[in-house]
Each structure stands twice: as C-alpha cells, then as structure tokens.
Amino acid sequence: MTDVQSIVTIYRYPVKSAQGEDLEVADVEPGGLRGDRTWACLDDLDGTVGSAKHPRRWGRLLDVGTNLRDDADEPELMVRVAGRDVRAGTAEADTVLSSYLGRPVRLSRELPSEAKLHRQLPDEAGMVPEWMHDARPGQETVTATGNAQLDGRFVDFGAIHIVTTGALSLLGQQLGRTAVAAGRFRPNLVIDAAHDPEPGQELHMGDVVLRVMVPTPRCVVPALGHGQLPADRLLLGVLARHHRVSVPGLGRAACFGIYAEVVRPGRLRLGEPVR
C-alpha cells in the first residue's frame with residue numbers, strides 16, 4: 001500500500017473508558033498492545049462493566065487518568081481521579097472511584113463470564129446498527145461486552161483499533177472544519193494514510209504484522225467530552241449521514257476506523273514505516 005506511510009500516534013488505554021497514554025514504543029501481543037484495556041471498573045450492584053457508552057452512568061470515566069508502569073516484574077497501574085493518584089487494585093482506589101462516579105465500583109483485571117455493559121444509543125437513527133433489530137434511537141439497553149479470546153481484555157471486538165489521517169481529514173471536511181482530533185475515537189494507532197486499508201489487507205510495521213478485519217461501528221462516545229476535548233454534538237449526525245457502511249456478516253452501521261487482528265506480535269515505534 002503505497003499511500004500508507006508511518007505510525008504517527010500510539011495510544012494505550014489501561015482502563016476501559018478511562019483516558020489513554022500516548023506512547024513512543026509499544027509491545028504488541030496476540031491480544032493487542034501490552035497493557036491495553038486490561039482493567040475495568042465493575043459495578044458492584046449489578047456486575048456490569050463500566051463503559052462510557054452509557055454517559056449518564058459512566059461518562060466521568062473519560063476524565064480518569066491512567067499511568068501504567070509495565071517495565072517491572074509486576075506491572076503497576078496508577079489512576080488519577082480528580083487530581084488524586086491512587087494505585088489500582090487497592091481498597092483506596094475503589095473508594096475514590098466509587099465516590100467520583102457516584103456508584104459502588106471496583107477496579108478489576110478479571111473479565112466476568114458473560115460480561116455485560118449498559119449502553120445508551122445515540123439519538124440519530126443512522127447511528128443504530130442494523131443488527132440491533134429492536135433498538136430505537138436514544139434507547140438504554142444492556143448488551144454483551146468483552147472478548148475472552150483476546151487474553152481476557154475488556155475490548156469490544158478487535159485486538160487493535162486504527163484510524164488514518166486521511167479519514168480524519170475527510171471527516172473534518174464533512175464537518176466544515178480543518179481537523180478532527182483522533183482521540184475522540186480512542187484508537188490504538190493513528191496511521192498516516194490517504195484512506196483506510198480494506199478488510200483482509202495486512203499491514204507490516206517493523207516486525208509486527210496486523211490483518212484488517214472490519215470497519216469499526218461507532219457509539220455515542222466520540223461525541224462526548226474527552227479530557228481537553230469538548231463535547232461535539234454535530235459529529236454523530238455526520239457519521240450517520242456519511243459513514244454508514246456494511247460490516248461483513250452483520251449489516252450496515254455508522255463506522256469510523258478499522259479493527260485489526262495480530263498476525264505477528266512484536267514491538268512498535270512511533271514513526272515506524274507501514275507497508
């Protein structure tokens with residue numbers, strides 16, 4: 001693929017729906033970037049996994065900072081909650097997060113069997129995937145989450161999520177803006193490319209090989225405030241009108257970015273050429 005040039009950003013999200021880390025180097029394992037989405041907040045009342053897909057319940061997670069030290073024998077995750085740093089896996093962290101989120105929660109690395117999450121569908125009809133047959137815009141529902149085949153991580157589907165600079169530029173034009181921040185879509189990799197690679201194509205970057213799976217169906221999260229990014233009420237309407245495409249084997253949905261699986265693990269570096 002001659003239009004694919006290099007990796008321009010690497011993101012890791014140690015806690016599902018919390019803020020990510022901007023990395024220069026990342027080790028890629030069969031299930032994704034090392035340390036990516038290996039923790040989550042679990043609701044002590046109903047056992048569901050905390051996800052900003054339901055903003056009223058979990059939207060404040062997007063402002064929780066993360067700092068994962070994985071260079072030691074035992075990785076240590078620190079979370080920053082309202083300016084306070086606490087270590088994940090401690091009673092203190094669970095108490096601080098419960099107070100901040102307004103519900104009893106605990107941080108966990110254990111993916112529950114038959115894990116589920118609360119979801120609020122966007123108000124735009126075009127944002128409701130075809131495979132959610134009985135769903136209505138704005139509806140609140142509980143759906144399955146987590147892919148136990150990916151090392152027990154708290155992921156929605158693919159091991160690696162990718163967006164391209166070309167797709168971001170096109171979306172900006174559709175919104176009448178010069179740019180759209182990649183961080184709204186919570187990707188693992190931002191690749192300098194004129195357009196997204198197609199399903200089935202392989203991406204070679206150093207000793208790492210990824211295979212493109214499917215376009216990434218979008219939820220309400222890209223329109224929410226992310227750290228320094230304000231809420232964007234126009235974004236979902238544009239995705240619904242211009243980015244509703246077929247997801248192989250499932251049906252049509254508003255998509256942005258792509259999911260990829262890991263064919264060959266290895267180490268990624270910022271600026272790595274991609275072919």
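**Briefing on the predicted structure**

Apart from its neighbours within four places in sequence, G50 makes contact with K16, S17, C41, W58 and L61. The model discussed here is a predicted one. The protein contains four helices and 18 strands. Its radius of gyration is 18 Å, close to the 19 Å that the globule rule gives for 275 residues, so the protein is as compact as a globular protein of that length.

- G50 belongs to the loop between β5 (40–43) and α1 (55–58).
- The relative accessible area of G50 is 0%, so this residue is buried, the cut-off being under 20%.
- K16, one of the residues in contact with G50, is 34 residues away along the chain, yet the two C-alpha atoms are separated by 7.4 Å.

**Overall dimensions and surface**

- Along the principal axes, the C-alpha atoms of the protein fill a box of roughly 50 × 45 × 35 Å.
- Of the 275 residues in the protein, 54% are buried.
- Among contacts with a separation of 6 or more, 71% are made by residues 24 or more positions apart.
- The protein has an accessible surface of about 12600 Å², and carbon and sulfur atoms account for 46% of that surface.

**Helix α4**

- Helix α4 covers residues 235–242; six of its eight residues are buried, so the helix is largely enclosed by the rest of the structure.
- The buried residues of α4 are L235, L236, G237, V238, L239 and A240.
- These buried residues pack against α3 (165–175), β16 (244–247) and β17 (251–264).

**Helix α3**

- In α3, the buried residues are G166, A167, L168, L171, G172 and L175.
- The cover over the buried residues of α3 includes β12 (160–164), β13 (189–192), α4 and β17.
- After α3 comes G176, which has a positive phi near 75°.

**Nonpolar cores**

- In soluble globular proteins, nonpolar side chains tend to be buried together.
- The largest nonpolar core of this protein has 26 residues, and those with the most contacts inside it are V163, L168, L171, F185, L239 and F256.
- Two or more residues of this core come from each of α3, α4 and β17.
- Helix α4 gives the most to this core, with five residues.
- A second, separate core has 22 residues, including A26, A159, L189 and V208.
- L171, a buried residue of α3, touches V180, F185, L235, V238, L239, H243 and F256 when residues up to four places away in sequence are not counted.
- Among these partners of L171, L235, V238 and L239 are buried residues of α4.

**Strand β1 and S6**

- S6 is part of strand β1, which comprises residues 6–12.
- With a relative accessible area of 16%, S6 falls under the 20% cut-off and is therefore buried.
- Setting aside residues up to four places away in sequence, S6 touches V190, I191, D192, G271, E272, P273 and V274.
- V190, I191 and D192, which S6 touches, lie within the residue range of β13 (189–192).

Key:
Residues are numbered from 1 along each chain as its sequence is written. This is a predicted model: local features need pLDDT of at least 70, side-chain atom pairs count only at pLDDT 80 or more; totals for chains, interfaces and linings use all residues. Side-chain values use heavy atoms; hydrogens and water are left out. The radius of gyration is taken over C-alpha atoms; the globule rule is 2.2 Å times the number of residues to the power 0.38. Buried means under 20% relative accessible area, exposed over 50%, partly exposed in between (1.4 Å probe, protein chains only). Contact means heavy atoms within 4.5 Å. Accessible areas come from the Shrake-Rupley method with a 1.4 Å probe; for residues, only the protein chains shown count as cover. A nonpolar core is a set of buried Ala, Val, Leu, Ile, Met, Phe, Trp, Tyr and Cys residues joined through side-chain atoms within 4.5 Å.
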